[in-house]
Amino acid sequence: ASEFEALCKASLPKGSSTVSYKKNHGQQQEPISKAEILFRSYWRRTWIIGLWLTICFALFTWKFIQYSHRAAFQVMGYCLSTAKGAAETLKFNMALILLPVCRNTITWLRNNPGLNCVIPFNDNINFHKVIAGGIVIGIILHGGTHLACDFPRISGSDRSVFRQTIAANFGYQQPSYFQILSTTEVASGIAMVVLMMIAFPLATKWPRRQSPSLPKSVRKVTGYNTFWYSHHLFVPVYALLIVHSMFLFLTDNLVEKTTWMYIAIPVLLYAGERITRAIRSGFSEVEILKVSLYPGKVLSLKLQKPKGFRHKSGMYIFIQCPQISPFEWHPFSLTCGPEDDYLSVHIKTLGDWSCQLYSLFEEAILTGLKQYPKIYIDGPYGASSQDHIKYDIVIMVGLGIGITPFVSILKDIATRLKKSSINHAACGEGSLEKIPLKAYLYWVTREQSSFNWFTDVMKEIADPNQKQAVVEVFNFLTSVYQEGDARSALITIIQSLYQAKYGIDIVSRTPVSMNSIKLGVFYCGPMTLARELEKLCTKFSTKTSTIFVFHKENY
C-alpha cells in the first residue's frame, strides 16, 4: 500500500499540513489493523453465513445418524445416511431461498434500526445465490448417492437380507433398477432436477447478460428475458417437491414427511407478496407527465406520484410496460426526492427490454402521438443507499447510469438544507432532520454528453448548497471500460478521501479538527470495479482511525 500512500501525500496542496486524529486524552490514535477492519466490514455477513452453515450441518448430522440405525441401512449402508442427510438440508434450503426475494417484507424489516444493525439486508440477493449453491450441493449428494449407490444396492441386494429389512416397502417384490426409476418419488425427483438444470445456469451472470464470451448460438437463446421466464420454473418445482415428499418408499409415517412443514410459511409469504404486488401494480398505472430523451440513449420519465406513495431517498421501483410484456418487471432507482410531488426515473438502454421501451417513447415523440405507452409501477423497495443516513460523511461513487440512486439522495439533502435554513431564520434553530456534514459525489463516465442527464438536478442542488457547502460533486471523464483508466479514477477518488481523513477539507484546503469517524462509501456500477473500490477502502481504513464502510447497490 506504500504506492497509494505516496500518491495520496503527493496530491496534498503545497503549504498544507496534515492533522493527526487525537483521542480525548491528546495522544495520537494508532491505525486500525486490517483484521479489525475486515471484522467490522463483514461481521454481519459472517454470522448469517455461519448460522446458515451450522443449521445445515446440524440437519445433515441429525438425519445421517437417524438413518444409520434403520433397517434399510443393512442394505444401503452409509449411502442411505448421506442421501437422507442431504435431503434434510434441501428441505431447509428450498424453504429459505424464498425469503431473500420477499422484497416487501425486507423493505419493512430494514426500517427497524435494531434488525438493520445485525442483519445485512443489502445482501439479500447475494444470500439468495449462496442458498442456491447450497441446493446444488444438496442435489448432488442426495440425487447422486441415490442413483449411483442406493438404487443399485436395493436391486442387487441379497434376497434374504432384502426380505428381512425393506421388502414390505416394495410389496415384498425386489425391484430392478429401472423399476425404481419409474416410481413416483424417483420420477418426480428427476423431473425437479431437470427443471433446475434449466433454470440455474440461465440465472448466472454470463447467460443473463448475454456475455460476448459465450458462443453466438448460445447468446441467441439467453438474456434477461430467458432468465426471467426460466426462473419461474420454480412453480412446478415446488409442486413436484410436495409430490416427491409424499411418496417416500422407505416410510409410510406421515410424521416423517416433513417437507410441507419446512416450506409452508415461506411459500405462503412469497405467494402473498406476489399477490400483493399484482393487486398493487394493477391499480398503479401512472400518468406520464414528461418524457425526455438524452444522449447515450437515456430515457427520462417524470411520472405522477400515486396517492399514498411514500419513499426514502435511495429506494427503487419496478416498472412494467404491457406493450412490451405483461410479465416483465425491471428495477430502476428513483431520481426524485422524497418531498417531490412526482416520481422520476432515468433508464439507459442496456438490454432488450430497455431498448424496446426507448424505441416506443422515441417513436411517440417523433410522430407527435398524444398518448404515451402505458406504464405500471410497483414499489418502493429498500436499497443499500438508504444507509447513507447512518453517516456524518457520505461518499457516493457512480459509474455511468450508476449515478441514479445518488441523485435522489442529493435532492433529499438539498431539501433538508432549505428547511434547515428556513427553520434557522424563523426561530434560530436548525432542522431536527439529520443532514450529513459532508456528501461527496464522484461521477465517472466515458461520455461528456452524460453530464446533460442531470443538469437541472445539479442546478437545483447547487442553490441551497452554496452557503453551507455540504455537497461536493466531482465529474470524471474517462474510458471506464478500460481497467487501467478506471483504476486511475478510483485512486484519484481515494486520494481526495485521504485528504479528508487527515483533516484537510477538500474545498477550503484548510486543516479541520476531527475525531475518529466512519465514512459511508456507496457505489453503483460494474462488479469488477466494486471489488477494486472495496479493496481500496479496506487499505485506506488501515492507515488511520477513520473507517471507510463500503456499500454496493444490489437489485
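A residue counts as buried when its relative accessible area is under 20%, as exposed when over 50%, and as partly exposed in between (1.4 Å probe, protein chains only). This is a predicted model, in which local features need pLDDT of at least 70 and side-chain atom pairs count only at pLDDT 80 or more, while totals for chains, interfaces and linings use all residues. Residues are numbered from 1 along each chain as its sequence is written, and side-chain values use heavy atoms, with hydrogens and water left out.

**Stop 1: helix H17**

Select residues 404–427, which form helix H17; helices (H or I, at least four residues) and strands (E, at least two) are DSSP runs, numbered from the N terminus. Show the side chains of Asp412 and Arg416, which meet in a salt bridge at 3.1 Å, N to O. The term means a side-chain nitrogen of Lys or Arg within 4 Å of a carboxyl oxygen of Asp or Glu. The two residues are four apart in H17, so about one helical turn separates Asp412 from Arg416. Asp412 is buried at 6% relative accessibility, and Arg416 is buried at 15%.

**Stop 2: two further salt bridges**

The whole structure has seven salt bridges. Select Asp123 and Arg45, whose side chains pair at 2.8 Å, N to O. Asp123 is in the loop between helix H6 (113–118) and H7, and Arg45 is in helix H2, so this pair ties together parts 78 residues apart in sequence. Asp123 is buried, at 12%, whereas Arg45 is partly exposed, at 33%.

Next, select Asp387 and Lys390, which form a salt bridge at 3.8 Å, N to O. Here Asp387 is buried at 3% and Lys390 is partly exposed at 41%.

**Stop 3: helix H10**

Select residues 184–202, the 19 residues of helix H10. Buried residues in H10 include Glu185, Gly189, Met192 and Leu202. Among the elements that cover the buried residues of H10 are helix H4 (78–96) and helix H14 (234–246), where contact means heavy atoms within 4.5 Å.

**Stop 4: what lines the second largest pocket**

H10 gives the most to this lining, with seven residues. By class, the lining has 16 nonpolar, nine polar and seven charged residues. Nonpolar covers Ala, Val, Leu, Ile, Met, Phe, Trp, Tyr, Cys and Pro; charged covers Asp, Glu, Lys and Arg; the others, Gly among them, are polar.

Notes
Expected span 1.5 Å × (residues − 1).
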